[in-house]
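Me: I'd like to go through this one piece by piece. Can you take my questions as they come?

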Amino acid sequence: MTPETADAFANHAAAYVHIPFCSAVCPYCDFAVVAGRDDLTERYVAALCAEIMGSEPWRPVQALYVGGGTPSRLDPGLLAMVLDAVERRHGIAGDAEVSLEANPEDFGPNFARTLRAIGFNRVSFGAQSFSAPVLSRLGRRHDAAQIEHAVLHARRSGFTSVSLDLIFGTPGESLDSWQHTVERTVALEPDHVSCYALTVERGTPLGRAVGNGAPAPDPDVQARAYQLADRRLGAAGYGRYETSNWARPGHECRYNLTVWAQGEYLAFGNGAHGHRGGVRFRNLRRIDAYIEAVERGETPRVGEETASGWASEIERLFVGLRRTVGVVPGSGGVALLAAPEGERLSQAGVIEVREGRLRVAKPLLGDEAMRAVLGLADPEVRENAASADTVSLDA
Amino acid sequence: MTDQARIRNFSIIAHIDHGKSTLADRLLERTGAVSQREMREQVLDTMDLERERGITIKAQSVRLAYTSPAGEELVLNLIDTPGHVDFSYEVSRSLAACEGALLLVDAAQGVQAQTLANAYLAIDAGLEVIPAVNKIDLAAADPEAAAAELAGILGGSPDDVLRLSAKTGQGVDDLLETLVKEVPAPSGDPDAPLRALVFDSYFDAYRGVVCYLRVVDGSLGSGDSLRFMATGEVHEADEIGWLTPKAVPVARLGPGEVGFLITGVKEIDRIRVGDTITHAQRPAATALPGYEEPKPMVFSGLFPTDGDDFEKLRDALEKLRLNDASLVWQPETSKALGFGFRCGFLGLLHMEIVRERLEREYDLDLVATAPSVAYRVIMPDGEETEIRSPQDLPEPNDRRGVSEPYVKAMILTPSEFVGPIMALATGRRGIVGDISYMTPERVELDFEIPLGEIVFDFFDLLKSKTRGYASLDYEPIGYRESDLVKVDILLNGQPVDAFSAIVHRDAADAYGRKMTGRLRELIPRQLFDVPIQAAIGGRIIARETVRAKRKDVTAKCYGGDITRKKKLLQRQKEGKKRMKMVGSVEVPQEAFVAALQVDEES
Ligand SMILES: Nc1nc2c(ncn2[C@@H]2O[C@H](COP(=O)(O)OP(=O)(O)OP(=O)(O)O)[C@@H](O)[C@H]2O)c(=O)[nH]1
Ligand SMILES: C[S@@+](CC[C@H](N)C(=O)[O-])C[C@H]1O[C@@H](n2cnc3c(N)ncnc32)[C@H](O)[C@@H]1O
Ligand SMILES: [Mg+2]
């Protein structure tokens, strides 16, 4: 993927739809999810459609991402209603990427065909691992064979992009075990792979266990696992286009590319986040609060943050530097390279400028660069402040 | 003005935690100085730090109106003092404003090291000492034993020792009667020229310097023109009054009275604790004896985290000195930490308290370096110079010798712990002297030991080896030559002056290993490997490495939740603020006092 192509996603129109239902909540999960509330699915989808239909009409979306939770838990009829609402209100471009997150155990042949028929063309499976002990430690409810079957059904029913999510660095998992997961993944020939380092989130059962002394993921082991995956996937023809994402050429997730290009995306459903018109906004996180708000005819939005000028420039780097293509340096990049922090990062080879792009060359240390970016002061403001001092001294 | 015959001035003195402030509560209550509503435990401990730690740091004086059972109306000026050894200067200053001292002993603990030390201070100051056993309500109380020990120190019969409970108030009425009877009334000359002792002061942001004083001779009126005899400064008495404990302005303070004075002076260097105040028009011929400057025992560098705060720190030190006359400092420059001050303290607790007060009361963020004692270096030409910072020690070729301060230490302990204590002391180069049995169960151990071996973690070790039963007191006995070396710590190959320490040659290797090991724990992983070495001269005696961090990245962007990720990283950034860049290495502030931590193994 060329830098120009990646940057062009800044002008794409995308949308995210959140489906919070799960059969059980995984111990590491910190997303807006519910288990055991399937009684709410119809009311929820009705609220979702109402929210979509109540949104200000935009233009046909070029990437629609239905994530979760577990969207594959919903009846295809309900999913069809959601797509229909988006289509009617904003339109879905003819060549749009229409993605759905699915759990392997939900993905039978009929289900796959129906999803394809109602308009989904990309599926992302929460595979996580091919190792039985790791899957069980992660609290997953499928096995390796189910992943393979799910991929097969997706292929057979004509999904044009199939992705697998993997988790590495689960305490107790050896590098050999992880290598096995990577090999089985490569053998399945998916179009796209996401590899996430297991992250201990506060407030999750995993977070509490670690707080009480259970082993935490070892960052050194995770670093090695990451490098192993990067090498193996690279050799198999997958290019890493973002910190945690690899794809065969042309199969990069367009919804994600839009987010990282600082592009605009609508967001519907509980806990969903959007970005439009320079404003980042988010919805009520609790499902019942969300449903009730929409049913009362109120907006489910709870927070907004507007970024313009320097803040927006910082944000451009903040999201764009996760991409392998990096960013056009711009005023933010110039400030970073001039700051002592930036100098340190350059020296350590964490960031670099090559062919006119500012990039994070060591993605494993990306947050070091991100913190430096967040600390950058607006050069204009500093100059103004200095001149204001001079004025008051003269007066 | 109060008739001197009706005044009783006394301090409450004791070992730490023996109940001085709690007893003061009872006396305040009994005399109606504070209302039921205002009453709280240790009401005179007003500083946040005192309340958090449950100890008195500053002496506090308060004027009480007491009507005796016989109907006599009396004025009691009470000063509650701290018990911790680091604050004994507060005690001696308080004693100089009194005619009597109430010496408390915890009935369960008996006489402890600072019981003795404070008793001797009071006796030497010529005060009437009234002994009392406190906490008799405790199940473990042994009032008879404690009373016998007190009588052993002060003479007299154990039967004459008062028995009290500051908690229940039992015995407090008797105590008041005894105080009135035994403490001599002040006997200043009301007609002589004014002489008043400044025994404490503090800086008030609105009113400037506030002095606490004790009038000895003559009297002082509001509006009088006053001369501070040591500094020669002349100021008008804007306001004078009593502390009841609320400040109550009065027109006149007569001989024997204790109160406060506000002159409106804001320049803090104009007023000195220990000075004598007299009238500008009719000055006294001679000043009161004042105070001996206390000798700092330990020194540590204080550096603002933000280099721009250097002047602010200087100003804060000057203001704090008004309220803590024992504080001394001189500017210090560190390659690692920039500009700061080398400060002298009376002990480690004092150092901790000063640092915290500077940070809290003056809104500063400080790095403190590892404390050190003052050494004397014998130069090649035979001259002696004092160094207060390890970084000032000349290279071995540029010195003929080094001597270090020794103290005479006294430990009071139940006899069963004599063995472990002797092992501890000799392990620290102590030379054991007298071992005397106060009673068959209680032993006084005397020994001579380098101050540097005792001021840091010795006390904690002593407590842990004796289950808290032993107590310690010490006093300087001069300097002795020792085989001392400077251990430098290098980060990334660069010596960090703030980490240097002077230690005995035999202990150098262990010290080097301990420090490098600790720093490896304390210094977070960075973008590159950080070697940590300990060296004597050019010779490396220990090394450790903080391995470069290999992973520091958020796995997911939380489904487009950019705001949340930003906040998370922002918080991590805040955490980094308590780091100091030393060369290219980020060092957390705590690392600089790592040497303070108690050594479990020794
Ligand atoms: N049971 C009992 N406890 C007491 C008595 N007097 C004081 N205490 C407790 O002993 C502890 C120390 O009391 P303080 O009054 O703070 O002691 P102090 O002598 O002022 O201590 P420093 O000022 O730090 O030297 C507190 O927990 C008090 O509640 C008493 O008569 N009986
Ligand atoms: C929104 S979740 C997908 C939910 C889907 N129902 C599932 O269980 O696969 C997207 C992906 O994020 C990853 N993920 C979620 N929580 C994580 C954590 N704490 N650490 C690492 N990866 C995590 C998992 O790989 C998951 O498939
Ligand atoms: Mg007290």
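Me: How many residues surround ligand 1, and which are the closest?

Reply: This is a predicted model, so read every value as computed from it. In the model 18 residues surround ligand 1, and the closest are K20(B), T22(B), T56(B), D137(B) and A166(B).

Me: What is 2.7 Å from an N or O atom in the side chain of K20(B)?

Reply: That is an oxygen atom of ligand 1. S165(B) also has a polar side-chain atom 3.4 Å from an oxygen atom of ligand 1. With K167(B) the backbone is involved: one of its polar atoms is 3.1 Å from an oxygen atom of the ligand.

Me: How much of ligand 1 does the protein cover?

Reply: The protein covers 85% of the 650 Å² of accessible area that ligand 1 has on its own.

Me: And which helix gives the most to that shell?

Reply: Helix α1 of chain B, residues 20–30, gives the most, with three residues. By class, the shell around ligand 1 has nine polar, five charged and four nonpolar residues.

Me: Switching to ligand 2. Where does it lie?

Reply: Ligand 2 lies between chains A and B. There are 17 residues around ligand 2, and G69(A), Q128(A), R140(A), D165(A) and T199(A) come nearest.

Me: Which side chains have polar atoms by an oxygen atom of ligand 2?

Reply: Among them are D165(A), with a polar side-chain atom 2.7 Å from an oxygen atom of ligand 2, and Q128(A), where the distance is 2.8 Å. For a nitrogen atom of ligand 2, there is N103(A), with a side-chain N or O atom 3.1 Å away.

Me: What about cover for ligand 2?

Reply: The protein covers 93% of the 570 Å² of accessible area that ligand 2 has on its own. Strands β6 (122–128), β7 (161–168) and β8 (192–197) of chain A are the elements that give two or more residues to the shell. By class, that shell has six nonpolar, seven polar and four charged residues.

Me: Now the two chains. How many residues does each put into the contact?

Reply: Chain A puts in 41 residues and chain B 30.

Me: And how much area do they bury?

Reply: About 3400 Å² is buried between chain B and chain A, with 54% of it on carbon and sulfur atoms. On the chain B side, L527(B), R550(B) and K551(B) supply 22% of the area buried against chain A, more than any other three residues.

Me: How many residue pairs are in polar contact across the interface?

Reply: The rule finds 14 residue pairs, counting those with both residues at pLDDT 80 or more. Helix α13 (residues 562–576) gives the most to the side of chain B that touches chain A, with eleven residues.

Me: What's the class breakdown on that side?

Reply: The side of chain B that touches chain A has 14 charged, nine nonpolar and seven polar residues.

Conventions. Residues are numbered from 1 along each chain as its sequence is written. Chains are lettered from A and ligands numbered from 1 in the order in which they are written. This is a predicted model: local features need pLDDT of at least 70, side-chain atom pairs count only at pLDDT 80 or more; totals for chains, interfaces and linings use all residues. Side-chain values use heavy atoms; hydrogens and water are left out. A residue is near a molecule or strand if one of its heavy atoms lies within 4 Å of it. A polar contact is a pair of N or O atoms within 3.5 Å; within protein, one must be able to donate a hydrogen and the other to accept it, and residues adjacent in sequence count only if both atoms are side-chain atoms. Accessible areas come from the Shrake-Rupley method with a 1.4 Å probe; for residues, only the protein chains shown count as cover. Helices (H or I, at least four residues) and strands (E, at least two) are DSSP runs, numbered from the N terminus. Ala, Val, Leu, Ile, Met, Phe, Trp, Tyr, Cys and Pro count as nonpolar, Asp, Glu, Lys and Arg as charged, and the others, Gly among them, as polar. Contact means heavy atoms within 4.5 Å. Buried area is the accessible area (1.4 Å probe) that two parts lose on being put together, summed over both.
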